[in-house]
Amino acid sequence: MSERSFYITTAIAYPNGAPHIGHAYEYISTDALARFKRLDDFDVYFMTGTDEHGQKVQQAAKAAGVPEQEYARGNSDVFERMDKALDISYDRFIRTTDEDHHAASIALWERMTEAGDIYLDTYSGWYSVRDEAFYTDEETTVLADGTRISTETKTPVEWTEESNFFFRLSKYQDRLLELYETQPDFILPATRRNEIVSYVKAGLKDLSISRTTFDWGVPVPGHPEHVMYVWVDALTNYLTGAGFPDTDSERFRKLWPADVHIIGKDITRFHTVYWPAFLMSAGIELPKRVFVHGFLFNKGEKMSKSVGNTVSPLDLVEQYGLDAVRFFLLREISYGQDGSYSHDAIVGRINADLANEYGNLVQRSLKMVARDFASAVPVPGEFTADDRELLDRANGLLERCRTEFDAQQPHLALEAIWLTLGETNKYFSAQAPWALAKAGETEREGTVLYVTLEVLRIVSILVQPVMPGAAGRILDLLGQSGRGFADIATPIAGGTSLPEPEVVFPKFVEPKS
Ligand code: ME8
């Protein structure tokens, strides 16, 4: 096992309903980043899970008439089952009700107390249960019907007045600004960093970090009438996964600081202001990066669990197939920006990129190998300049993909791979191996097929993080067992015997209505 470790996380979802396609998008994209590193010989630890405490989950449990623990567990299981169905290669599915998480939250709280950063005061202000967030007067708007909402997120807020523990967030303003300045890639994309810099520059107020009006949370050490504000406990999950509070353990030293937290844009402030401030206070190293992905819209329309216009990710998978859905989400949307999905857009990608550019080339070349070379990879003759150019191009893809994946830009890696597939299709048409076969130029036909199969081998190894199922099947058809990125350097061997070719990416046919 490699010594190079890579710790990557998703946000942990509120199990107050069924997962929607926005959740699936986050898991699939993070899974592709995790798989890429694993194939590149990193010792990857990939964590996802559910955020089970807080008022939002408690209210949902009450509405369902089920005890909180049972309600959260039931819905959390639905998330975990979806992860499995989406082929998410997580190493741990954390639940904030897990015992070790309880211990980690208490330890973090105690460290912040020891630093002198926690004090008792009275909170009065607005609270949005849906956002699990506090708002000042200026951050809210009163609608014509008299209801007050958060101006930014449009969720209803309620007046809250409680004796709470506060965290001295204001004390960390300068250190946070220095962090964004000296480590510009702590928050990516840059647009998100700029928003946060302006927000912090405008001045930070201390943050209320406990609640007394409900009890579904981690009790504050020494003050059991308080439960921790759900975001304190939620953010701590990333430390729990690394074995905190055992900071001397080999595990913690290996995994922490996390390499990247992947989150959606609505929770940027929690991860890039509160979280680093908590860690600074507790004297714990900061994660290396927070990457913020955009929101996914249904034909441009916002969807959310609370609004109820959500699409089941598993329905999409049933309709189009898992690999196609994974590919679509990662290829179509520039990672970090908002994106939209629609039936036509998905079918477009399936038919153009998967069936035509990739599947068809696999099918055509393998059929000729079966027919003219007794189902064995041809031994190539001398390479022409065109052959070499294409092989060099394919061999350069690994470095290009590393650069793009390290910057969390998988869509650019896929774009580069598909440009190479496009060139390979052009090469295949121009070389016309079927004409070479007719003319009896078997050696040249074999060389053209060899070059094509070699490009398809490299491409298939590289698309495994995005389409683990289909890429694996194509590598089977190519007779390849070496599938790590280190194997890219070993060309396909002439003489390798191949199984019967089969269609891996059929065209999408509209069901008859
Ligand atoms: O925020 N498109 O949980 P959550 C893309 N428990 N991503 C979306 C999305 C959409 N339409 N809707 C939501 C929470 N997300 C907290 C996190 S982490 C310590 C605690 C993303 O269930 C959202 O941005 O509301 C977040 O990253 C994740 O789904 C879970 O959202």
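Visitor: Which residues come nearest to the ligand?
Guide: In this predicted model, 19 residues stand around the ligand, and Ala 11, Ala 13, Gly 22, Asp 51 and Gly 264 come nearest.

Visitor: Which elements give two or more residues to that shell?
Guide: They are E1, H1, helix H7 (230-241) and E14.

Visitor: And where does the largest share of the shell come from?
Guide: Helix H1 supplies the largest share, with four residues.

Visitor: Let us stay with H1. Is that helix mostly covered or exposed?
Guide: H1 is mostly covered, since 18 of its 19 residues are buried.

Visitor: How far apart are its end C-alpha atoms?
Guide: They are 26 Å apart. Helix H1 covers residues 21-39, and at 1.5 Å a residue its 19 residues should span 27 Å, so the two values agree.

Visitor: What follows H1?
Guide: Asp 41 follows H1, and the phi of Asp 41 is positive, near 70°.

Visitor: You mentioned E1 and E14. What is the order of the strands in the open sheet of six?
Guide: The order is E3-E2-E1-E14-E15-E9, and the pairing is parallel.

Visitor: Which strands stand at the edges there, and why is one side of each left without a neighbour?
Guide: Strand E3 (92-95) and strand E9 (187-188) stand at the edges. Each has a single partner strand, so one side of each has no neighbour in the sheet.

Visitor: How many bridges join E1 to E14?
Guide: Strand E1 (residues 5-13) and strand E14 (residues 260-264) run parallel and are joined by two bridges. Within this pair, Ile 8 stands opposite Val 260 in E14.

Visitor: What about the largest nonpolar core: which residues touch the most other members?
Guide: Ile 8 and Phe 278 do, out of the 135 residues in that core. The largest share of the core, twelve residues, comes from helix H17 (residues 442-463).

Visitor: Which residues does Phe 278 touch?
Guide: Leaving aside residues up to four places away in sequence, Phe 278 touches Leu 108, Met 112 and Leu 235.

Visitor: What does the second core include?
Guide: The second core is separate and has six residues, among them Val 129, Ala 133, Phe 134 and Tyr 135.

Visitor: A change of topic: what is the order of the strands in the open sheet of three?
Guide: That sheet has the order E11-E13-E12, with antiparallel pairing. Strand E11 (210-211) and strand E12 (219-220) stand at its edges with a single partner strand each, so one side of each is left without a neighbour in the sheet.

Visitor: How do E11 and E13 pair?
Guide: E11 pairs with strand E13 (residues 223-228) over two bridges, in the antiparallel sense. Ser 210 stands opposite Met 228 in E13.

Visitor: And how many bridges join E4 to E8?
Guide: Ten bridges join strand E4 (residues 118-128) to strand E8 (residues 158-167), and the two run antiparallel. Leu 120 has Phe 165 in E8 as its bridge partner.

Visitor: Which strand has the bridge partner of Phe 167?
Guide: The partner is Leu 207, in E10. Strand E10 (residues 207-208) runs antiparallel to E8, and two bridges join them.

Visitor: Last, what does UniProt list for residues 377-508?
Guide: An unreviewed UniProt entry lists them as "domain: Methionyl-tRNA synthetase anticodon-binding". Over these residues the chain is 61% helix and 0% strand, with end C-alpha atoms 30 Å apart.

Key: Residues numbered from 1 in each chain as written. Predicted model: local features only at pLDDT ≥ 70, side-chain atom pairs only at ≥ 80, totals over all residues. Expected span 1.5 Å × (residues − 1). Buried ≥ 20, exposed ≤ 12 C-beta atoms within 10 Å, placed from the backbone. Pairing = 2+ DSSP bridges. Core = buried A, V, L, I, M, F, W, Y, C linked by C-beta atoms within 7 Å. Contact = placed C-beta atoms within 7 Å. UniProt positions renumbered as here; feature names shortened; annotations may be inferred. Near = placed C-beta within 6 Å.
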